[in-house]
Amino acid sequence: MSASVRSLWASVLTLTMGAAAVLGLAQPASAAGDAYVALGDSYSSGVGAGSYTSDSGDCKRSTKAYPSLWAAANAPSSFTFVACSGATTTSVSSGQLGALASSATLVSVTAGGNDVGFADVMQTCVLQSQANCVSRVNTAVSQMQSSLPGKLDSLYGNIRARAPQARVVVLGYPRFYRISGSCIAGLTETERSAINNASDVLNGVMAKQAANAGFTFSNVVDEFTGHELCSGDAWLHSVSVPIINSYHPKAVGQSGGYLPAFRSVA
């Protein structure tokens, strides 16, 4: 990335990025009568999709997020939506699990990206050198492989304890970039490849821990393939204003990416 382009991106990102936080295989069953609880971070709350509910405040829960879309289409017996922008595995456990009861029959959750500093990774890659970007990505990958499994185990155990009969669906994160795509500015291909690899590692860790817990892991990579940044038809925001939208799914990413990935196993 040229110095001038990095400077332009920096002028946008530094407005609010410092305060912005990004943040088993069961057969599908009938939704009729389900008591559905949607947990997780900004990828579940719907940051970037707009149409946020007035009572959700900084959590930014969207009527265009996949939990709301699924509930509208399937009319579960109850729907409790508590996913929140910026959530980590710890804050989901401490702040969202009160919504779970033993009567819950379906639970969805995304969590893990904020535990490894996703927002800081992207800020570093956009504002600093390629070497610094790759180093920061590698640090995040190391955290995914060392500390994150235990954090996910704790969260998943807490969910199971609260909702012992529920089908629990853990959704992953998309790859962000199409390599050798249409972008003529921005990050280098080396940086994009490193970020994509980190997404793959994160999804792999989440899938393993979900299987260990007896939960269903649903990857969204296939749904977003062809719609990454630099694809020409991105379902993800790049650097955006408001900055919190950056690197989050657009409304079409929720309806065309996350919703089918959830619906296929819910």
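## Close-ups of a predicted model

**View 1. F224 and Y258 are both buried.** Here "buried" means under 20% relative accessible area, "exposed" means over 50%, and "partly exposed" is in between, using a 1.4 Å probe and protein chains only. Keep in mind that this is a predicted model: local features need pLDDT of at least 70 and side-chain atom pairs count only at pLDDT 80 or more, while totals for chains, interfaces and linings use all residues. Residues are numbered from 1 along each chain as its sequence is written, and side-chain values use heavy atoms, leaving out hydrogens and water.

**View 2. Aromatic rings pair up in this structure, with 14 pairs in total.** Y36 belongs to strand β1 (residues 35-38) and F262 to helix α10, so to speak two distant parts of the chain, 226 residues apart. Y36 is buried, at 0% relative accessible area, and F262 is buried with 0% too. Next come F224 and Y258, whose rings have centres 5.8 Å apart and planes at 70°, so this pair is edge-to-face. This pair also links distant parts of the chain: F224 is in helix α9 (residues 221-224), Y258 is in helix α10, and 34 residues separate them. To pair, rings of Phe, Tyr and Trp (its six-membered ring) need centres within 6.5 Å; planes under 30 degrees apart are stacked, over 60 edge-to-face, and the rest tilted. Both pairs belong to one aromatic cluster, made up of Y36, Y43, Y66, W70, F79, F81, Y173, F224, W235, Y258 and F262.

**View 3. Helices α3 and α10 pack at about 65°.** α3 covers residues 66-74, α10 covers residues 251-263, and their axes (lines fitted to C-alpha atoms over the stretch in contact, with angles from 0 to 180 degrees between N-to-C directions) are 9 Å apart. The crossing is right-handed, meaning the near helix is turned clockwise from the far one by less than a right angle. Y66, L69 and W70 of α3 meet Q254, S255, Y258, L259, F262 and R263 of α10, where contact means heavy atoms within 4.5 Å. Sorted by type, the contact residues are 6 nonpolar, 2 polar and 1 charged. (Nonpolar covers Ala, Val, Leu, Ile, Met, Phe, Trp, Tyr, Cys and Pro; charged covers Asp, Glu, Lys and Arg; the others, Gly among them, are polar.) Helices are DSSP runs (H or I, at least four residues), as are strands (E, at least two), numbered from the N terminus.

**View 4. Which residues of helix α5 are buried?** They are F118, A119, V121, M122, T124, C125 and V126. That is 7 of the 10 residues of α5 (residues 118-127), so the helix is largely enclosed by the rest of the structure.

**View 5. M144 and I159 touch the most other members of the largest nonpolar core, which has 68 residues.** Helix α8 (residues 189-213) gives the largest share, 8 residues. Such a core is a set of buried Ala, Val, Leu, Ile, Met, Phe, Trp, Tyr and Cys residues joined through side-chain atoms within 4.5 Å. Leaving aside residues up to four places away in sequence, M144 touches V116, P149, A198, V201, L202 and V205.

**View 6. G98 sits in the loop between α4 (89-95) and β3 (106-109).** With 64% relative accessibility, G98 is exposed. Its C-alpha is 9.5 Å from that of V82, 16 residues away in sequence.
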